[in-house]
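This report concerns a chain, one of its sheets and the contact with a neighbouring chain. Please keep the structure in view while reading.

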Amino acid sequence: MVESLVQIVRFRSLLVTLTARELKARYRGSVLGFFWSLINPLLLLGVYAMVFGFILKPGHGAVPTEPYAVFLVTGLFPWVWFSASLLEGAGSLIANAGLIRKAVFPAELLPLVSVSANLVHFLLALPITGVALLIGRLLGYPVGGWGILLLPAVVALHLPLVAGLALGLAALTAHFKDVRDILTNLLTLLFFATPIIYPLQAVPSHLLQMALRANPLTPYTLAYQQTLFAGTVPAPWEWGEMAVVSLIGWAFGTWLFGRLRETIVEAV
Amino acid sequence: MNGGGASPPALLVEGLSKLYRRATPGDQLRTLKSALLEGTLTRGLAPGQAIHALDDVSFAVAPGECFGVIGGNGSGKSTLLKVVAGILKPSAGRVVATGRVAALIELGAGFHPEITGRENVFINGAVMGLSRREIERRYDDIVAFSGLEKFIDEPVKNYSSGMYVRLGFAVAVHTDPDVLLVDEVLAVGDEAFAHRCLRRIREMLAEGRTLLFVSHSLDLVDDLCDRVLWLDGGKPRLLGEPRRVIDAYRQSVAEDEGREHLKAKQAAGAASADESDQEAEGTRWGSRRAEIRAARLLVGSTGSSDPGDPAELIDPADSRGAATEERYHLESGEPVVFELDVHAPAPIEDFVFGVMVSTPRGIEVWGTNTDLAGFVAERLEGDARVRLACPALRLGAGEYLVDVAVHARDGNPYDYRKGLFAFTVTARERGVGVYAPEHRWQAEGGVAWQEDDGSDPG
């Protein structure tokens, strides 16, 4: 895990350049360009808000989730960052096979570029969350608060987990292409097993609630909901939990990548 | 300059081997397991499961030396370069390089199609280990060298493959490598750019930089390299002075081609039962009043009684010397015999035998027949064997096709067999064209020169 960190520091400018390349390449040739970074999450939010806010309209009981779109947005955008980073990161070594087969290239940068590019998208979509909170406030809902100032800390704790998993999955996928299909389905399951479209407290069964709380992604989602939607500060033990989960994710991912590093070039 | 000098080598390769796991269906889980547990894909594989891309290769390259690697496709040249570059991990052995190593395994690696040439220069430079400031300092030189000033702000997906190469090479040679690894890249650019690249490579060699050069262009290798390694199936076959190694390689290729010609001929012979096929393909025609059942090329001592008469033939006695063998590759100037097995079901009095040598592109190189040579036909009946002996076939290097025919004096064919067999000629001396006579250069007056015996082309 230290070696990967050293590589990142050593090639940080390359990481920045490649992230910029990734972002530029994604929108080059499209009319709206970078606005897609705003439009995409807005459209996604619109779909989810419609399905879960109007069509299904779940009763959340005493738990405050109004306005639902604002509640949804606080958990959904970090999830999109997480899942897109993992999916793109997992395929990144294969997608860039030409690069790592033909040049001496620090392979760990490729999944990390997926993570950082999607982080930029996430950050670019934050104004939407801000506007949503503002509108909620104007409509008289008790959303938002000073807790929002701690958002960077939540993202910073979330990042090693995302990066570590992306690294490990990328190395695995290079050797074992089935990982990508397994991952796609696993992410769908995880999405519903994380309290994003519903509040954790609204889950009827206590046992199920505990199971969902044990999902390693739940602490981050709760932290986003607290800092953004409720505007409150997560408890110290919650910070500790996020740090530990993140450390484990990073250590596991980089360990996996390190084990498979030497054979990646031959496997892709 | 050679690797065994007193100065420490710029590049040392010791006992290098590289195994690839043979792809077998349903193998991915084992691949993953072996990679995860052992950090290698090939440990503990049975001999049949692995491919030796490199097998115990060792050499040392001195600073400022140009070291060439030649060999057929799949001989391990590119794998060698990738292992030396550090892209692949060797299965055994080690590589020690002094200083910065830049590899041009394939140009344009790391180019992103959607973004501009300018941005790609920076990414490519960064991949090669340059800081942004270093690239900025060299940027103008790089663009000027590539000659792509007008296109540098276009996305590289709009570039031609030649433009790709120009930009890639321009970046690579401007990264100040101590050891430059070049894999068959000069063939892509146009003539002017290839010359510019060669000039730059020579400059770099003169500056004491080291070059490891893989190419199929043997003349270029001969011209550029101080020493050459010939790889054959991953094994070092020969290492030494370029002319000697390249000659040996060419000889071996010709032998392989000769074997192929022989095999093709045998296959054609086996299929000749179905003559209508050959006629449909336009490779055989005639009335078959006499037919050519087989023809072969014999190379070596002709044993001919009179080497001064190239048309010596229709000799009932076996004129073949002991050293003569059937083969389809020869060195220019070797004696050859074209041998025809002929059969006439009924006696005929009007017949002419002919042989024609032409290039695969259909240029007639040499042809003759018994009528032109002044033989007057009397009788042909049953089985006969006809030989055309040539004490020294002085053809230029290349591949040749042979037509053989038996026909009437008026040209009406009994059996014409077009391209019945092929053979390959190698030439010790370089030259252009299909003819390579014995020759000698001489001069008088204000000419001064030295003969290059090939021992030190540098």
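## Basis of the report

The model is predicted, and local features need pLDDT of at least 70, side-chain atom pairs count only at pLDDT 80 or more, while totals for chains, interfaces and linings use all residues. Residues are numbered from 1 along each chain as its sequence is written, and chains are lettered from A and ligands numbered from 1 in the order in which they are written.

## Chain B

Chain B has 9 helices and 19 strands, where helices (H or I, at least four residues) and strands (E, at least two) are DSSP runs numbered from the N terminus. Of its 458 residues, 40% count as buried, that is, with 20 or more other C-beta atoms, placed from the backbone, within 10 Å of their own. Where contacts in chain B (C-beta atoms, placed from the backbone, within 7 Å) link residues at least 6 apart in sequence, 75% join residues at least 24 apart.

## A sheet of mixed pairing

Six strands of chain B form an open sheet in the order E5-E6-E7-E3-E8-E9, with mixed pairing; strands pair if DSSP finds at least two bridges between them. Strand E5 (101-104) and strand E9 (235-240) of chain B are the edges, each pairing on one side only.

Within this sheet of chain B, strand E3 (residues 66-70) and strand E8 (residues 227-232) pair in the parallel sense over 4 bridges, and Val69(B) stands opposite Leu229(B) in E8(B).

## Contact with chain A

The contact takes 29 residues from chain B and 24 residues from chain A. On the side of chain B that touches chain A, helix H1 (28-38) and helix H3 (117-127) of chain B are the elements that give two or more residues.

Notes
Buried ≥ 20, exposed ≤ 12 C-beta atoms within 10 Å, placed from the backbone. Contact = placed C-beta atoms within 7 Å.
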